[in-house]
Amino acid sequence: MQCPKCHAPMHTYNRNGVQIEQCSGCRGIFLDYGELEALTRLENQWSGHQAPPAPPAAPAYPAAPAPAWGAPHGGHGSHHGHHGHKRHKSFGHMLFSS
Amino acid sequence: MTALLPALTAQAKLRAHHTPDCACSPPHGVLADRPDATVARHGQVVAKAHAPGTPEPALTARLAAAAHPALAGTLLAPLTPRPTRLHDRLVTLWPYGAPVDRDDPDAAPWEAAAALLARLHRTPPTVLPYPLPPMRGPEKAARAVARLRAAAPHPAASPVERAWAVLPAWARDEAPHPGPPHLCHGDLHLGQLVRTPADQWLLIDIDDLGTGDPAWDLARPAAWYACGLLLPEEWTRFLNAYRAAGGPAVPADGSDPWPILDVPARALTVQTAALAITKAMAAERALDEVEETFVDACRRMAAVPPDLAPIGTK
């Protein structure tokens, strides 16, 4: 299978019986219908809660697309801890020059 | 170079109508003194000596574009319609504008930058009095790679070269851009915006202004985002503002802009990495963490060449 975003090949991993496809390029994760619920159920088994009902099928896309060659985690939601550090280090000089 | 600066400051003073007893407000002084540009300020006037060897007809055409009413409110307008000569350099005079605060990432005017670019890109090049040369984005990327090649060997140079090699010819300045020509800034970064006393942001620095692929102007923020230097929220704010202002570089329907941005963002990542290595070598220091980020991106780029094929599905 190819990544729907960057077209790099996706590899299938099995985590506790749940199939997860991860892109070898952009590291985006593709969850089939029901897989997110399966993960949530597993998580709740650990904490002893019940899984919420399954929402309508929607693949888990990142909020903002990023290229295949982007930094790991680039564009995959808000990783303020990860991004914030380099952002502050780079802002004054890297974002102000050619 | 040494004689240039006092003469340049004198020009700014003269234009600011400085008299021996004038109380013109500080600060005045040197805003930039690089091999490619020397910029001096006196009061509300800024004098810029352009790079040695700048062709006068091209600079005059770019100056006329900045002075044109169609670009009022987009580009800062010069104080004089033609460049003058000073110590073998072409000099232009500008009103002073306040720059973006380098110490406050949260105050960066992403929406204003995007709206200005959208307006520039939407202006038909044919309204201008002189035809503009091509925008110099690809030329500057190629020059950065040439400088890297001319420097001593460096272990980080090889991934940068490999990332450069997989780019199409137009992005390496070896062929004209194949698409329709749009007006482009050619070197957009946060140092290219100033705020007027009327609290209006404008684009400055016309040295690379010209016609070409408008995606190039979005590609530096795109590269910063891809390399993890911009938060996804900041990138999204910039991109959404560009779309809201009718910018033509990316699809208006909100679909994935990366098929359009990929090549120029790669080229600018290569340019940034190449200049970082050259500068680090000149200063006899190691690459810092942020500079390494761009070299790492080059490494990944070489492994995933740009895909010009149609978008596939699962």
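Which exposed residues does the face of H2(B) turned away from its buried side carry?

Author: The model discussed here is predicted. The exposed residues on that face of H2(B) are B:Glu56 and B:Pro57.

The helix itself, H2 of chain B, comprises residues 56-67. The buried residues of H2(B) are B:Leu59, B:Arg62, B:Leu63, B:Ala65 and B:Ala66. Because these residues cover an arc of only 155° around the axis, they lie on the same side of H2(B). Strand E5 (89-95) of chain B is included in what covers the buried residues of H2(B).

The loop between strand E4 (84-86) and E5 of chain B contains B:Asp88. Although B:Asp88 is not a glycine, its phi is positive, at about 65°. B:Asp88 is exposed, because 9 other C-beta atoms lie within 10 Å, and a residue counts as exposed at 12 or fewer. A positive phi, of about 70°, is also found at B:Asp205, which is not a glycine. B:Asp205 is placed in the loop between strand E9 (201-203) and strand E10 (210-212) of chain B. B:Asp205, however, is buried, because 24 other C-beta atoms lie within 10 Å, and the cut-off for burial is 20 or more.

One of the buried residues of H2(B), B:Leu63, may also be related to another helix of the chain. B:Ile277 belongs to helix H8 (residues 258-282) of chain B. With 23 other C-beta atoms within 10 Å, B:Ile277 is buried. Its contacts, leaving aside neighbours within four places in sequence, are B:Leu148, B:His154, B:Ala156, B:Ala157, B:Val160 and B:Leu287.

Elsewhere in the chain, helix H3 (residues 110-122) and helix H7 (residues 232-244) of chain B pack at an angle of about 35°, their axes being 8 Å apart. The crossing of H3(B) past H7(B) is right-handed. By class, this contact has nine nonpolar, no polar and three charged residues.

Conventions. Residues are numbered from 1 along each chain as its sequence is written. Chains are lettered from A and ligands numbered from 1 in the order in which they are written. This is a predicted model: local features need pLDDT of at least 70, side-chain atom pairs count only at pLDDT 80 or more; totals for chains, interfaces and linings use all residues. Axes are lines fitted to C-alpha atoms, for helices over the stretch in contact, and angles run from 0 to 180 degrees between N-to-C directions. Helices (H or I, at least four residues) and strands (E, at least two) are DSSP runs, numbered from the N terminus. A crossing is left-handed if the near helix is turned anticlockwise from the far one by less than a right angle, and right-handed if clockwise. Ala, Val, Leu, Ile, Met, Phe, Trp, Tyr, Cys and Pro count as nonpolar, Asp, Glu, Lys and Arg as charged, and the others, Gly among them, as polar. The expected span of a helix is 1.5 Å times one less than its number of residues. The arc is that of the directions from the helix axis to the C-beta atoms. Two residues are in contact if their C-beta atoms, placed from the backbone, lie within 7 Å.
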